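Hi,

Here's the structure I promised to pass on. Have a look at it first, and then read my notes below.

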Amino acid sequence: MHCVYSQFKLEGNPLSCARYGSGHINQTYLLVTDQPHLYILQRLSQTVFKEPDKLMSNLIRVTDHLRRQGLDERHVLTLVETVDGKPYLVDDEGAYWRLYEFVTRSLCLDKPETPDDFYQSAKAFGQFQNQLSDFDAGSLYETIPHFHDTPERYNQLKRAIEENRSGRLDSAKAEIDHYLSFESGAGELMNLYREGKLPLRVTHNDTKLNNVMLDSVTRTPLCVIDLDTVMPGFAANDFGDSIRFGANTAAEDEKDVNKVSLSLPLYNIYAKGFLETCGDRLTDVERMSLPTGARLMTLECGVRFLADYLNGDTYFRTAYPEHNLVRCRTQIALVEDMDRKWNEMLKAVQ
Ligand code: ADP
Ligand code: GN1
Ligand code: MG
């Protein structure tokens, strides 16, 4: 990292800078100074984000929009300028770095500790959609084209199977067959959209529980973070990705798939929080599409993990060689459990 932080306007002298958090994409560091003032330093993944300037333009415009609503540094992600007054840094090697104010007195969870934590995260993401409801969706760049286009994700998986770049095809035969048998229905949301029945909104598109900050004392929402994929999208996908990650009774990378299931109490409480916060804005078709969002976000994420395994782990950060394969197994097990609980899932949004 070569003291890249010294090129930002810091308050205090740096004491330490170490890897931080459990995000799968960017390189994230916690920077501590003697003030004491905490910062989050991030190097953007340029494997994932091909047009970082456009991404940063989205991020600046979205956070400015939130700040104009009177939100302070604990309630909106805040960039710290470079010493020459720029909002982010491109180093000599062309790497993109940004520095955020650390959201103080906060909690960032990988798993809800109580159902109320999950309810509060639903409020945070619902509120985020409200705060951006008057933002011109068409003016945002698509930072990752076809990000939540599930049929296109299946095409990418099929290319990965054909190319077999990692030579791992034989070790994933069962998972490939399993995912291909689930392909019908993958286009449900995209079809509704193309038929003009589902509106595009400004959505977050990566609504994992660890992308929201809660107040460490009241455990109520502070702000939503990880804004790299804020783009036009479907409300169902924001709802769905939260369910995929937070309402699973097991971790995303649990090796024992028997531990994987959809927690209906967590699902129901998230639906309650989300609908209480932004339900009024949703059309009937959108509201009824929320369970489909949960199913398709889970299926799609599994397809992406499997494709990345076949491509040789170039996209998601992995800790061991089978990590993406393990992740794709949990996702398909979760889809199967959602199919078993489908009527109850529908009931919660009816
Ligand atoms: P990734 O895209 O890799 O998931 P994130 O932007 O989500 O990267 O950051 C990774 C983790 O770093 C988050 O889950 C959170 O724990 C922590 N983090 C990021 N930004 C902040 C911030 N401004 N304040 C406190 N923690 C943060
Ligand atoms: C990534 O960046 P992070 O860890 O919050 C990914 C999401 C996946 C998720 C799976 C930009 O999220 O789309 O759902 O991993 N983000 C990007 O855990 O691809
Ligand atoms: Mg993240």
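Predicted model: local features only at pLDDT ≥ 70, side-chain atom pairs only at ≥ 80, totals over all residues.

Let's start with two strands. Strand S3 (residues 38–43) and strand S5 (residues 96–101) run antiparallel and pair over 5 bridges.

Next, the metal. Which residues coordinate the magnesium ion (ligand 3)? They are Asn211, through OD1, and Asp226, through OD, at 2.2 Å. The two come from distant parts of the chain, 15 residues apart: Asn211 is in the loop between strand S7 (201–203) and strand S8 (212–215), while Asp226 is in the loop between strand S9 (221–224) and strand S10 (231–233). Asn211 has a relative accessible area of 6%, so it counts as buried, whereas Asp226, at 25%, is partly exposed.

Last, a pair of helices. Helix H10 (residues 323–340) and helix H11 (residues 342–349) pack with their axes 4 Å apart, at an angle of about 75°, so H10 and H11 are roughly perpendicular to each other. Where they meet, H10 brings Met338, Asp339 and Arg340, and H11 brings Trp342, Glu344 and Met345. Sorted by class, that contact between H10 and H11 has 3 nonpolar and 3 charged residues, and no polar ones.

Cheers

Methods:
Residues numbered from 1 in each chain as written. Chains lettered and ligands numbered in written order. Heavy atoms only, no water. Donors = N, O, S within 2.8 Å, 3.2 Å for Na, K, Ca; no water. Buried < 20%, exposed > 50% of the residue type's maximum accessible area, 1.4 Å probe, protein only. Axes fitted to C-alpha atoms, helices over the stretch in contact; angles between N-to-C directions. Parallel < 35°, antiparallel > 145°, perpendicular 65-115°, else oblique. Contact = heavy atoms within 4.5 Å. Nonpolar A, V, L, I, M, F, W, Y, C, P; charged D, E, K, R; others polar. Pairing = 2+ DSSP bridges.
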